[in-house]
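Subject: Handover of a structure

Hello,

I am passing this structure on to you. Please open it first, then read the notes below.

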Amino acid sequence: LERLGHPERSLRFVHVGGTNGKGSTTAFVNSILQAAGYKTGMYTSPYLESFTNRIGAGGQDISADHLAQLISRLKPLIDEINSSSLGPITQFEVVTLLALVYYHEQAVDCVAWEVGLGGRLDATNVVTPLVSVITNIGFDHTEILGETLAEIAAEKAGIIKAGVPLVTAVEDDEAWQVIAGRADRLDCPRWRLGSEFSYERLEWSIEGQSFNYQDEGLSLDRLHTSLIGEHQCRNAATAIAAVRQLAKHGMNISEAAIRQGVSNTAWPGRLEIMRRRPLVLVDGAHNPHGTRVLEQAIKDHLADKRIIMVLGILKDKERAQMFSHLLPHAQRVIFTAPQYGRATDPATLLQEAASYQIPATSSSTVADAVDHALTIADDNDVVLIAGSLYAVSEARDHLKSLE
């Protein structure tokens, strides 16, 4: 960045970290800012359909040609760094660099900027944002981030910068003490869900939900989102609280823009409806925190349905906990593996799940597993595909190819 003239210093950011929900919250922030008339950038990971999904500006993904041009332009610098004491540069660092250069070129007004992993040492942490957001703290990537919630919280809290407002929906007291402590040391104003801002969920169905939002200076009734699950009300409220901080920097975000932005937000792969008969849902619940949230959504929306699950889970995940949240709600399970090196072998999943005594089979590819599920599902059944965003991505591609 120094050799490129620090393009990030000309940009404004909302920096979003946390264990789960950071992608959805980033999408809500982006959509609200767009509804307010701002040209935004949105940086997220991983991607679901195309690599270019990760770098959006003005509501459009970067084009493949533009991405190729940027890579060609930056490759000599990357090669130079790779051969220096700073190298080797990682893929995520390269993509983050590309995004910052692109957003500088596009002269975006603000970037909804999602953390990749952790926070303190994440490549995205080279920016100083207008507001820092931490959605929640749960167990994931423990081999990198730490074995306790306090250790994980310390890594996530690394995105908190001196004097920059912090917005968070963190509930766990152990994690909150760590986060609040860092915010206080750095003299950061704190907005926490349940204290400085709140929401009330009103109505919900498989088609969407409505909720109220409240903070010390704003009350919004009957906001609507098409995203499913109470966690999306939490994510939306957190995003609203975040954009509320931007007024201090001269950004004008009206109540109408908040309402429209929340309503317009789409976030593929998160309790996304792919078909109606049978109802086919895909959800990137890829760790115990995510599967617990998915379990609540099953109770809310699918309690009276026969559920056929397709599960593909990576090797580094706490599979036993994930099973405990999901398998009691399944009538049939098909274990599979996405085409990704860290995927757990389906035969291993089948063996580990044997104690649940649920009819189960395995399939070597996600496409075959989806086909099998559709074959055995009646029109009134639910096919639920989860466990890994990589599995969800492959399932979405396959389902679209069948249309």
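Helices (H or I, at least four residues) and strands (E, at least two) are DSSP runs, numbered from the N terminus. Two strands pair if DSSP finds at least two bridges between them. The model is predicted, so local features need pLDDT of at least 70, side-chain atom pairs count only at pLDDT 80 or more, and totals for chains, interfaces and linings use all residues. Residues are numbered from 1 along each chain as its sequence is written, and side-chain values use heavy atoms, with hydrogens and water left out.

(Axes are lines fitted to C-alpha atoms, for helices over the stretch in contact; angles run from 0 to 180 degrees between N-to-C directions.)

Strand 10 covers residues 208–215. Eight bridges tie strand 10 to strand 9. Six bridges tie strand 10 to strand 11. Both pairs run antiparallel. Which residues face Ser210? On one side, Ser210 is the bridge partner of Glu203. On the other, Ser210 stands opposite His224 in strand 11. A hairpin of two residues links strand 10 to strand 11.

Contact here means heavy atoms within 4.5 Å.

Strands of a sheet pair through backbone hydrogen bonds, either parallel or antiparallel.

Look at strand 6 (residues 131–134) and strand 7 (residues 166–168). Three bridges join them, and they run parallel. Ser132 stands opposite Leu166 in strand 7.

A helix pair

How do helix 12 (residues 366–376) and helix 13 (residues 389–401) meet, and at what angle do they cross? Their axes come within 9 Å and cross at roughly 60°. Helix 12 supplies Val366, Ala367, Val370, Asp371 and Leu374 to the contact. Helix 13 supplies Ala391, Glu394, Ala395, His398 and Leu399. By class, this contact has seven nonpolar, one polar and two charged residues. (Ala, Val, Leu, Ile, Met, Phe, Trp, Tyr, Cys and Pro count as nonpolar; Asp, Glu, Lys and Arg as charged; the others, Gly among them, as polar.)

Cavities and a pocket

The search used a 1 Å grid over the protein atoms alone. A cavity is a set of points where a 1.4 Å probe fits but cannot get out. A pocket is an open set with protein on both sides within 12 Å along at least five of seven lines. Lining residues have an atom within 4 Å of a point. Grid points are joined across faces, edges and corners, and a volume is the space filled by probe spheres set on the points.

There are two cavities of 30 Å³ or more.

Leu311, Ile313, Met322, Phe323, Leu326 and Gly387 line it. Helix 10 (residues 319–326) gives the largest share, three residues. Five lining residues are nonpolar, one is polar and none is charged.

Finally, the second largest pocket has about 540 Å³. It is lined by 27 residues; closest to its centre are Met42, Asp61, Ala266, Trp267 and Pro268. Helix 1 (22–35) supplies the largest share of this lining, four residues. The lining divides into nine nonpolar, 13 polar and five charged residues.

Best wishes
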